[in-house]
Amino acid sequence: MARGFGSLEEVTANRCFGGWHRRFRHYSPALRCDMVFAVYLPPQAADHKVPALYWLSGLTCTDENFMQKAGALRVAAALGMAIVAADTSPRGADVPGDPEGCWDFGHAAGFYVDATQAPWAEHYRMHEYVVHELPALVEEMLPISARRGISGHSMGGHGALVCALRNPGRYCSLSALAPISHPITSPWGRKAFSRYLGEDQGAWRAWDACELIAAAAERLPLLVDQGEADGFLDTQLQPERLRQACAAAEHPLTLRLHPGYDHSYYFIASFIEDHLRHHAAALLA
């Protein structure tokens with residue numbers, strides 16, 4: 001039976017590595033619909049508030065993919081760090097999806113931007129949700145502190161980069177796996193931005209990591225892993241553009257390219273411990 005946590009409705013709870021994996025449902029004023037998210041609370045959260053890594057997933061995903069497939073919870077338990085996994089878009093009968101029925105726009109493809117164009121602007125405000133609304137909620141209702149890191153994969157890697165770059169001082173740490181590094185030149189990004197943000201490509205620059213890095217007010221050390229056998233490497237992800245942007249701005253970047261690894265959760269599971277420890281070094285300092 002679901003339990004109420006104030007404005008949170010607990011959907012499921014599972015004991016895991018001495019802590020708890022919990023899923024919650026709540027109404028989001030930013031997105032104007034009900035949302036579900038997942039939290040892993042390590043054993044240490046029973047005694048005091050713990051810092052949190054906010055994880056943003058990629059196209060077609062929900063909050064469940066990372067929690068079930070990445071193999072991150074054992075390490076998070078040992079480190080004493082919570083993981084908060086948001087959904088990838090607003091959902092519901094009243095929330096428009098892709099009228100073409102495609103998987104790379106609409107439901108499960110919110111791109112972590114605040115849409116300005118109808119009909120998307122009413123609900124698709126994932127940046128506001130991830131950066132402000134969701135942290136405020138979990139920090140008030142759960143044993144989670146205001147020390148935050150952010151990471152993600154693919155579309156979620158793009159989201160993590162943009163959330164940190166647009167909000168200096170909000171996060172203590174930043175990383176990404178196979179991010180869409182330069183969405184204004186990526187077919188996925190161009191499709192999403194033209195619909196969510198309109199045809200004025202000048203407005204897109206504010207949601208593109210490679211464009212934001214040049215004028216970033218904060219230089220969080222950035223860890224990025226990328227598989228060299230990733231089928232989206234050259235057309236969609238373009239890590240070399242990120243390398244060039246960071247080099248030009250003298251932004252600290254560790255970009256690791258891995259032969260034979262693809263875009264799947266096998267890749268994520270192989271390197272997620274390095275990312276958790278990268279975040280822990282800042283969050284637990």
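Two strands count as paired if DSSP finds at least two bridges between them; strands (E, at least two residues) and helices (H or I, at least four) are DSSP runs numbered from the N terminus. The model is predicted, so local features need pLDDT of at least 70 and side-chain atom pairs count only at pLDDT 80 or more, while totals for chains, interfaces and linings use all residues. Residues are numbered from 1 along each chain as its sequence is written, and side-chain values use heavy atoms, without hydrogens and water.

Strand S7 (residues 144-152) pairs with strand S8 (residues 173-177) in the parallel sense, over two bridges. Ile150 stands opposite Leu174 in S8. Between S7 and S8 the chain passes through helix H4 (residues 155-166), and this β-α-β crossover is right-handed: with the strands pointing away from the viewer, the path from the first strand over the helix to the second runs clockwise.

Helix H3 (residues 126-141) has a kink of about 35° at Glu133, shortly before the proline Pro135. The bend is the angle between axes fitted to the seven residues ending at a residue and the seven starting there. Both Glu133 and Pro135 are among the buried residues of H3, which also include Tyr129 and Leu137.

Note on methods. Buried < 20%, exposed > 50% of the residue type's maximum accessible area, 1.4 Å probe, protein only.
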